[in-house]
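Have a look at the protein below, and keep the 3D view open while you read.

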Amino acid sequence: MLYIVPTPIGNLEDITFRAVRLLKEVDFILAENILNSKKLLNFFKIKNNILSYNIYNEHKIIFNIILFLKKCNNIALIADAGTPIISDPGFLLVRHCIKNNIKVSCLPGATAFIPALINSGFSINEFTFIGFLPHKKGKEKKIKTLCKESRTIIIYESPYRILNTLYIIKNYIGNIEKQISICREISKKFEQTIIGNINDIIFFFEKKKPKGEFVIILQGKRGTERI
């Protein structure tokens, strides 16, 4: 069995009892970053074998992992934070497991975009999760399309690119009453949600240096109707 195990995105208490138990019981753990993951494992006194699995080596080691699983062994896949495969490596491994009739079990758990979406107060009947935008090529074209969406849009962004992304959104957002929610450092000590129009949000981050990982929630056209 391959277990997909979510890990905390901030507060280390945001992990399930089942996740901790499985991380102790599996034959070994695949981790995106061994040093980061060891902090979590040490906190919960989890002593297990751990192997690096990331976008740089997954093609090299994936067949060995599949062979190990075929021998009736159990493996847990974890990311640096949150649910693996959502904007993290792991999709390829799951596809190979399915192809080879190896069972996959994804545990429910922490992920950044659900708390950010709920904190925004925007419509959640329909929403589109984008993850990280292209860094350069195609970024502006993608944002132009998203600004026309009727559904609520969810975007991940880093502190180094957040202002650039907001400037591009401003060029295409149209209705100035359309709201944006920016959520940062979810589940951490300095968690913060800022809601306003695009000008308000840009002004805030021009005055205060962006820090932490960001979730941008862009209100869709359907969500602009007043209650």
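Here is a short briefing, grouped by topic.

This is a predicted model, in which local features need pLDDT of at least 70 and side-chain atom pairs count only at pLDDT 80 or more, while totals for chains, interfaces and linings use all residues. Residues are numbered from 1 along each chain as its sequence is written, and side-chain values use heavy atoms, with hydrogens and water left out.

- The largest pocket holds about 830 Å³ of space. A pocket here is an open set of points on a 1 Å grid over the protein atoms alone, where a 1.4 Å probe fits, with protein on both sides within 12 Å along at least five of seven lines.
- Of its 36 lining residues, I9, D80, A81, G82 and E213 sit closest to the centre; lining means having an atom within 4 Å of a point.
- Helix α2 gives the most to this lining, with four residues. Helices (H or I, at least four residues) and strands (E, at least two) are DSSP runs, numbered from the N terminus.

**The cavity**
- There is one cavity of 30 Å³ or more, a cavity being a set of points where the probe fits but cannot get out.
- E32, Y53, L77, I78, A79, D88 and P89 line the largest cavity.

- In α2 (residues 34-43), S37, L40 and L41 are buried, meaning under 20% relative accessible area, with exposed being over 50% and partly exposed in between (1.4 Å probe, protein chains only).
- These three cover an arc of only 100° around the axis, so they lie on the same side of α2; the arc is that of the directions from the helix axis to the C-beta atoms.
- L35, K39 and N42, on the other side of α2, are exposed.

**A strand pair**
- β6 (residues 127-132) and β7 (residues 152-157) run parallel, joined by five bridges. Strands pair if DSSP finds at least two bridges between them.
- Within this pair, F129 stands opposite I154 in β7.
- Together with helix α6 (residues 139-146), β6 and β7 make a right-handed β-α-β unit. Right-handed means that, with the strands pointing away from you, the path from the first strand over the helix to the second runs clockwise.

- I85 isn't a glycine, yet it has a positive phi of about 85°. I85 is partly exposed, at 25% relative accessible area.
- E185 isn't a glycine either, and its phi is positive at about 55°. E185 counts as buried, at 17% relative accessibility.

Definitions and conventions:
Grid points are joined across faces, edges and corners, and a volume is the space filled by probe spheres set on the points.
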